[in-house]
Amino acid sequence: MKRREFLGSAFALSPIAAALASLGGCGNDEGWPEGMQPIKWDRDTCVVCNMGISDRRFAGELRGGPKNNVFKFDDPGCIALFLHDKAEKYPWIRDPATKIWVADVTSQGNAVRWLDARTAHYIAKYSPMGYNYGAVAHPQAGSVDFATMSEHVVAKVRNPQK
């Protein structure tokens, strides 16, 4: 066995090679729903508030339109504001074919469970932007639907005195 072959086979069996091989799988199978563009945590910013998307429990994404546009959010309330404020500019955002995902607020660690934002239920929970809603899969005491959550968020922002 030549020296170069020996060194190559020795590296292939090393812990460093094993670690690099395990990193190769990252990004391909992180549990993203079909059609959702992966969120680059701490690097992507919310299209509404421009804050970095860090807290996985409150993240969201909207994708659709003729150009398959993608918008990312750091708070379910930012999704509600975007839908309210941008419906004229992007008429397709109200189309049922437009996908809207929101993280399940009960997700733990790096494993995020994604929900359809329109069918999720929203409970009171401190959120990154202070809209104070978190999404859950099933109704809970005091939870509201997407339309009600959206109305509360828009009213809170547009009429802060109330």
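## The β1–β2 hairpin

In this predicted model, strands β1 and β2 form a hairpin with four residues between the strands, and G65 adopts a positive phi near 90° there. Strand β1 covers residues 60-64 and is joined to β2 by five bridges, the two strands running antiparallel. Two of the facing pairs can be named: L62 stands opposite F71 of β2, and R63 stands opposite V70 of β2.

Strand β1 is also joined to β3, by four bridges, again in antiparallel fashion. Here G60 has V102 of β3 as its bridge partner. Four of the five residues of β1 are buried, so this strand is largely enclosed by the rest of the structure.

In general, the strands of a sheet pair through backbone hydrogen bonds, in either a parallel or an antiparallel manner.

The N-terminal end of α3 is capped by D75, with a side-chain oxygen 2.7 Å from the backbone nitrogen of G77.

Helix α3 is mostly covered, eight of its ten residues being buried. These buried residues are P76, G77, C78, I79, A80, L81, F82 and L83. They pack against strands β1, β2, β3, β5 and β6 and against helix α4.

## The crossing of α3 and α4

The axes of α3 (residues 76-85) and α4 (residues 146-158) come within 9 Å and cross at roughly 80°. Helix α3 is therefore roughly perpendicular to α4, given that angles of 65 to 115 degrees are counted in this way. On the α3 side, the contact is made by P76, G77, I79, A80, L81, L83, H84 and D85. On the α4 side, the contributing residues are F146, M149, S150, V153, V154, V157 and R158. By class, this contact of α3 with α4 has ten nonpolar, three polar and two charged residues.

## Two buried serines in loops

S107 is located in the loop between β3 (99-103) and β4 (114-116). With a relative accessibility of 11%, S107 counts as buried, because the limit for burial is under 20%. A polar atom of the S107 side chain lies 3.0 Å from the backbone nitrogen of R113. Residues up to four places away in sequence aside, S107 touches R57, V112 and R113.

S127 is found in another setting, the loop between β5 (121-124) and β6 (133-136). The relative accessible area of S127 is 11%, and this residue is buried. When residues up to four places away in sequence are left out, S127 touches F58, D75, N132 and Y133. One of these partners, D75, is the residue that caps the N-terminal end of α3.

Most residues other than glycine have a negative phi. Two residues of this model depart from that pattern. D42 has a positive phi of about 70° although it is not a glycine. D42 lies in the loop between α2 (15-23) and β1, and at 57% relative accessibility it counts as exposed.

N132 is likewise not a glycine, yet its phi is positive, at about 60°. N132 is placed in the loop between β5 and β6, and its relative accessibility of 24% makes it partly exposed. N132 is also among the residues that S127 touches.

Notes. Residues are numbered from 1 along each chain as its sequence is written. Side-chain values use heavy atoms; hydrogens and water are left out. Axes are lines fitted to C-alpha atoms, for helices over the stretch in contact, and angles run from 0 to 180 degrees between N-to-C directions. Angles under 35 degrees count as roughly parallel, over 145 as roughly antiparallel, 65 to 115 as roughly perpendicular and the rest as oblique. Contact means heavy atoms within 4.5 Å. Ala, Val, Leu, Ile, Met, Phe, Trp, Tyr, Cys and Pro count as nonpolar, Asp, Glu, Lys and Arg as charged, and the others, Gly among them, as polar. Buried means under 20% relative accessible area, exposed over 50%, partly exposed in between (1.4 Å probe, protein chains only). A polar contact is a pair of N or O atoms within 3.5 Å; within protein, one must be able to donate a hydrogen and the other to accept it, and residues adjacent in sequence count only if both atoms are side-chain atoms. Two strands pair if DSSP finds at least two bridges between them.
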